[in-house]
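Work through the following exercises with the sequence and the 3D structure at hand, and try each task before reading its solution.

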Amino acid sequence: MVARTHERYAQVQELRAKSLSLNAISRELGLAFRTVRKYANATSADELLAPTFARSSKLDEFKPDLTRRWNEGCSNAVQLYTEIKAQGFTGSRRAVQGWLQPLRGYQEVQQEPCPPPKPRRVTGWLMTHPDRLDTEEKARLEQILARCPELINTAELVRSFATMMTNRDGHLLDDWIAAAEAGASPYLATFATSLRRDHAAVQAGLPLAHSSGAVEGTVNKIKFLKRQMFAAQTSTFYGPESSATPDTLHVLSPRSSRVSQSPFSHAAWHRLRSVNLAYVKEEIIVL
């Protein structure tokens with residue numbers, strides 16, 4: 001298995017170096033797309049062979065509390081699972097039991113350090129108004145910015161973009177684009193370049209109170225009805241035993257069909273969030 005993993009990793013990286021797409025590599029090697037993506041995103045073959053317990057999981061942020069409760073004498077997996085579930089844990093009880101298994105036979109274990117936040121969570125903090133962050137989130141974000149100065153410029157650009165959208169300051173768009181293109185994040189620079197290509201439309205849309213949210217909400221509603229009709233037709237055609245039911249089809253969340261009250265189309269804001277998530281994944285330093 002180890003030799004096969006190293007061989008596949010070398011093959012994928014070689015084809016990737018030739019600028020082949022993941023779909024093309026998948027067809028060339030006869031591998032599933034997700035498998036090819038996993039090998040393409042790995043930094044080394046050893047990363048793919050890393051043991052499961054060394055990888056991140058939903059239990060990571062609760063491990064300090066579990067360790068503390070273990071040292072206090074609580075070794076009941078069901079009780080510990082109930083406690084962390086009340087704190088927001090969404091995993092299974094089996095995950096808690098598996099983590100406790102190596103601790104059996106020890107009365108006290110060393111406290112694990114607090115795990116670093118996930119890039120998606122850090123991105124959420126950057127995209128949230130500072131007044132809406134609680135004390136702990138503000139402290140964690142300040143620690144991250146202190147350890148990773150490259151994100152300071154990103155945070156400033158994100159907040160200035162949000163202020164520009166909220167206050168409808170379309171006359172500040174050129175200054176923001178120039179600052180983003182000269183900033184530390186290549187992803188924000190690409191985003192700024194895309195805004196420059198649609199400069200006239202963006203600058204005209206920023207100062208207006210109108211939004212494309214009503215149109216987008218109507219389109220989402222039409223898609224929702226279309227999926228419902230497709231499910232009904234599929235069920236009728238294939239019979240009652242068909243697995244194509246509304247429960248097995250992708251259904252838009254109610255939130256996606258709401259009319260946006262933003263003065264500017266929220267597509268730009270979601271695009272900004274995605275480029276920030278990509279940059280945070282590259283630049284964040286483990287605390």
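**Exercise 1: salt bridges**

The side chains of Glu72 and Arg68 meet in a salt bridge, with 3.2 Å from N to O; the term stands for a side-chain nitrogen of Lys or Arg within 4 Å of a carboxyl oxygen of Asp or Glu. The model is a predicted one, in which local features need pLDDT of at least 70 and side-chain atom pairs count only at pLDDT 80 or more, while totals for chains, interfaces and linings use all residues. Residues are numbered from 1 along each chain as its sequence is written, and side-chain values use heavy atoms, with hydrogens and water left out.

Task: find which residues are linked with Glu72 and Arg68 in a network of salt bridges.

Solution. Step one: the side chains of Glu83 and Arg69 also meet in a salt bridge, at 2.9 Å from N to O. Step two: this pair links distant parts of the chain, since Glu83 belongs to helix H6 (residues 77-86) and Arg69 to helix H5 (residues 63-71), 14 residues apart; helices are DSSP runs of H or I with at least four residues, numbered from the N terminus. Step three: the network consists of Asp65, Arg68, Arg69, Glu72 and Glu83.

**Exercise 2: Ser185**

Task: decide whether Ser185 is buried or exposed, where buried means under 20% relative accessible area, exposed over 50% and partly exposed in between (1.4 Å probe, protein chains only).

Solution. Step one: Ser185 sits in the loop between helix H11 (173-181) and H12. Step two: its relative accessibility is 3%, so Ser185 counts as buried. Step three: a polar atom of the Ser185 side chain lies 3.2 Å from the backbone nitrogen of Leu188.

Terms used: Helices (H or I, at least four residues) and strands (E, at least two) are DSSP runs, numbered from the N terminus. A polar contact is a pair of N or O atoms within 3.5 Å; within protein, one must be able to donate a hydrogen and the other to accept it, and residues adjacent in sequence count only if both atoms are side-chain atoms.
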